[in-house]
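Here is a friendly briefing to read alongside the model. Please have the sequence and the 3D view open as you go.

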Amino acid sequence: NPAFILNVNLSYTQLERGEFRNSLIKLLEETGYPPQNLCLELTERCRLLDMSFLRNEVIFLKSFNIRIALDDFGTGFSSLNLLRELPVDLIKIDRAFIKDIETNLADQAIVKSVLDCAQLLDISVCVEGIENKNLETYMNHYPATTYQGYLYSRPVEIEQFRELFY
């Protein structure tokens, strides 16, 4: 499926391993998987890495057309700094800001602000935590790019994934 994007969570300890970048590129070449269909999700803990190193790694990976996402956006101490410093393709707004958004004015304001900022920076946004149809309908008022949550699928084992999508 040429439109299928594979998102992979990447820990900061994996990223800081010297052989990581070359191993990843070699794996993509060996499998023939299109790099533009791979999205590496960096968690907020990546702030533990030296920012110059992290920026260089992100730029290197993007030079191969690999997508980069900031996962759990908004939960760490340096979300905005990461957004300013890293050329990311996607922000994944953490579900903590979504679960009560229908009634919580602060969550509404924060999500709207993040979406407005992302739009100005030409960054896609995935909203995590869409667990039911009512929440999906409510979130349609916000200009997010994609949604993620139990409404669409609970985590599945690889065998079940193959049955569903192959």
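A crossing of two helices is left-handed if the near helix is turned anticlockwise from the far one by less than a right angle, and right-handed if clockwise. Helices (H or I, at least four residues) and strands (E, at least two) are DSSP runs, numbered from the N terminus. This is a predicted model, in which local features need pLDDT of at least 70 and side-chain atom pairs count only at pLDDT 80 or more, while totals for chains, interfaces and linings use all residues. Residues are numbered from 1 along each chain as its sequence is written, and side-chain values use heavy atoms, with hydrogens and water left out.

**Helix pair H2 and H3**
- The crossing of H2 and H3 is right-handed.
- Helix H2 (residues 20-31) packs against helix H3 (residues 51-62) at about 15 degrees, and their axes are 11 Å apart; axes are lines fitted to C-alpha atoms, for helices over the stretch in contact, and angles run from 0 to 180 degrees between N-to-C directions.
- H2 and H3 are therefore roughly parallel to each other (angles under 35 degrees count as roughly parallel, over 145 as roughly antiparallel, 65 to 115 as roughly perpendicular and the rest as oblique).
- On H2 the contact is made by Arg-21, Leu-24 and Ile-25, and on H3 by Asn-56, Glu-57, Phe-60 and Leu-61; contact means heavy atoms within 4.5 Å.

**The sheet**
- Six strands make up an open sheet with parallel pairing, in the order E1-E2-E3-E4-E5-E6; two strands pair if DSSP finds at least two bridges between them.
- Strand E1 (6-10) and strand E6 (146-148) are the edge strands, each pairing on one side only.
- On average, neighbouring strands of this sheet are turned by 25 degrees against each other, direction ignored.
- Three bridges link strand E3 (residues 67-73) to strand E4 (residues 90-93) in the parallel sense, and Ala-69 has Leu-90 of E4 as its bridge partner.
- E4 and E5 also run parallel, joined by four bridges.
- Helix H5 (residues 105-120) lies across E3, E4 and strand E5 (124-128), and runs at about 175 degrees to E4.

**Strand E5 and Val-125**
- Four of the five residues of E5 are buried (buried means under 20% relative accessible area, exposed over 50%, partly exposed in between, with a 1.4 Å probe and protein chains only).
- Val-125 lies in strand E5 and is the bridge partner of Ile-91.
- Val-125 counts as buried because its relative accessibility is 2%.
- Leaving aside neighbours within four places in sequence, Val-125 has contacts including Leu-90, Ile-93, Leu-115 and Thr-146.
- The C-alpha atoms of Val-125 and Ile-93 are 7.2 Å apart, although 32 residues separate them along the chain.
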